[in-house]
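Subject: Structure handover

Hi,

Here is the structure for your files. My notes follow below it.

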Amino acid sequence: MSRYDLSLSDLGEVLAGEPPYRARQVWAGLYHRLVPPAELTDLPATLRARLGSDPRLTPALTPSRELSADAGQTLKWLWSLSDGAAVETVLMHYASRSTVCVSSQAGCAMGCGFCATGQAGFTRHLSTGEIVEQVVAAARACRQAGRRLSNVVFMGMGEPLANYPRVWAAVERIHDELGLSARHITLSTVGLVPGVRRLSRERLPVGLAVSLHAANDSLRDRLLPINRRWPLGVLMAACEEYVASSGRRLSFEWALMDGVNDSRSDAAQLAGRARPLRAHVNLIPLNPTPGWPARGTPPAGVQQFARELRELGVNVTVRRNRGLAIDAACGQLAGAGSAGAHPVPLSRSGL
Ligand code: SAH
Ligand code: SF4
């Protein structure tokens, strides 16, 4: 239990014996003022001291490292959790928005070989409070920089739909209490079909990003092992259901790997998947990780692939690579930092 795991009524129990309005006051401190209870100077000093030492109100995250890149526009936190597990959070400032990329698990069990988190394996699910507190830390950093946190993306460590109940409770808290709109919250999934279906029945139409990376089953089976369980046909049907029920546009993430998924025929197959769903494609050259032999497609190849997709009638964005210098870019988060990542044998890839 940590301070952002508590519900308002849990907080009422922590404040038993105090006037009823105190719980709301402390809640507003946590979610609007973004300060810990012990720093709420409008509370009586004795109460502040009591709250400061209550184990139910401890923070979930202790910063073990804070790094910045891109002239201070990208910030990465490496957090240590109460049991010693490590996760990372990345905040990116852009001209008109500030986006935080949060982790939903310590490690990941999905085993995508090209991803540093996948290479490190699974440690555990994060609690709702551990997820929400990452967003609060980012919102506070934005406030200190005279900005406002505008977007939350679940593209840090872990597979959010594998930790569904805690992730969804965090989404509701971020929406209801921190005040971000559903259209500014995006879940990214490797393609857990039951999770995508469940998302279709939720009240909040959050954005959905599907990490596609391959548009035929034989390549996708090799790159993303989960495809063997839920192949493309089944995944596309679940995506269609999500688009119909949420009214939201879907996005497909595609990490371009040199000579692996960047040919003209890959573009044609991708277009064939994206067009019927009117999905937006985000391209990014594969970021380097210690345990995977393929390289990112060089810039000219990325532009060529984007052009081919556009000619085939697909909406495409080439994503800027943020935080490469501090291993904060997509797929590079490994918890212990790159020095602690465990390379896997190159022969495993078969690429
Ligand atoms: N598990 C979720 C969300 C976390 S990964 C998912 O897979 O969607 C966030 C994004 O980074 C995903 O799109 C993932 O495919 C991508 N990614 C992983 N490793 C990468 C790498 N080495 N280079 C570029 N993108 C990568
Ligand atoms: Fe997990 Fe996503 Fe990395 Fe795959 S890409 S191992 S699902 S974090």
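Which residues does Thr-117 touch, not counting residues up to four places away in sequence? They are Gly-107, Cys-108, Met-157, Gly-158, Gly-331 and Leu-333. Contact here means heavy atoms within 4.5 Å. Thr-117 sits in helix H4 (residues 116-120). Thr-117 is buried, at 4% relative accessible area. Buried means under 20% relative accessible area, exposed means over 50%, and partly exposed lies in between (1.4 Å probe, protein chains only). Helices (H or I, at least four residues) and strands (E, at least two) are DSSP runs, numbered from the N terminus.

Some ground rules. This is a predicted model, in which local features need pLDDT of at least 70, side-chain atom pairs count only at pLDDT 80 or more, and totals for chains, interfaces and linings use all residues. Residues are numbered from 1 along each chain as its sequence is written, chains are lettered from A and ligands numbered from 1 in the order in which they are written, and side-chain values use heavy atoms, with hydrogens and water left out.

The sheet

An open sheet of 10 strands runs in the order E1-E2-E3-E4-E7-E8-E9-E10-E11-E12. Its pairing is mixed. Two strands pair if DSSP finds at least two bridges between them. The edge strands are E1 (62-69) and E12 (316-318), and each pairs on one side only. On average, neighbouring strands are turned by 20° against each other, direction ignored.

Strand E8 (residues 185-189) has five of its five residues buried, so it is largely enclosed by the rest of the structure. Ile-185, Leu-187 and Thr-189 point one way. Thr-186 and Ser-188 point the other way. E8 pairs with strand E7 (residues 151-154) in the parallel sense, over three bridges. There, Phe-154 has Leu-187 as its bridge partner.

Strand E11 (residues 280-285) is also largely enclosed, because five of its six residues are buried. Strand E10 (residues 250-256) pairs with E11 in the parallel sense, over six bridges. Glu-253 has Asn-282 in E11 as its bridge partner.

Start with H5 (128-144) and H6 (164-176). Their axes come within 8 Å and cross at roughly 40°. That makes H5 oblique to H6. Axes are lines fitted to C-alpha atoms, for helices over the stretch in contact, and angles run from 0 to 180 degrees between N-to-C directions. Angles under 35 degrees count as roughly parallel, over 145 as roughly antiparallel, 65 to 115 as roughly perpendicular and the rest as oblique. The crossing of H5 and H6 is right-handed (the near helix is turned clockwise from the far one by less than a right angle). Thr-128, Ile-131, Val-132 and Val-135 in H5 meet Arg-166, Val-167, Ala-169, Ala-170, Arg-173 and Ile-174 in H6. By class, that contact has seven nonpolar, one polar and two charged residues. Ala, Val, Leu, Ile, Met, Phe, Trp, Tyr, Cys and Pro count as nonpolar, Asp, Glu, Lys and Arg as charged, and the others, Gly among them, as polar.

Next come H10 (residues 264-277) and H11 (residues 299-311), which pack at about 40° with their axes 9 Å apart. H10 is therefore oblique to H11. Their crossing is right-handed. From H10, the residues in contact are Arg-264, Asp-266, Ala-267, Leu-270 and Ala-271. From H11, they are Gln-304, Phe-305, Glu-308 and Leu-309. The contact of H10 with H11 has five nonpolar, one polar and three charged residues.

Helix H2 (residues 21-33) has a buried set: Arg-22, Ala-23, Val-26, Trp-27, Gly-29, Leu-30 and Tyr-31. Their cover includes H1 (8-14), H3 (45-52), H5 and H6. Leu-34 follows H2, with a positive phi near 60°.

Loops and backbone angles

Most residues other than glycine have a negative phi. Ala-71 has a positive phi, near 55°. Ala-71 lies in the loop between E1 and E2 and is exposed, at 80% relative accessible area. Gly-72 lies in the loop between E1 and E2 (74-80). At 33% relative accessibility, Gly-72 is partly exposed. Gly-72 and Met-92 are 20 residues apart in sequence and 9.0 Å apart in space, C-alpha to C-alpha.

His-213 has a positive phi too, near 65°. The loop that holds His-213 runs between E9 (207-211) and helix H8 (217-223). His-213 is buried, at 7% relative accessibility.

Best wishes
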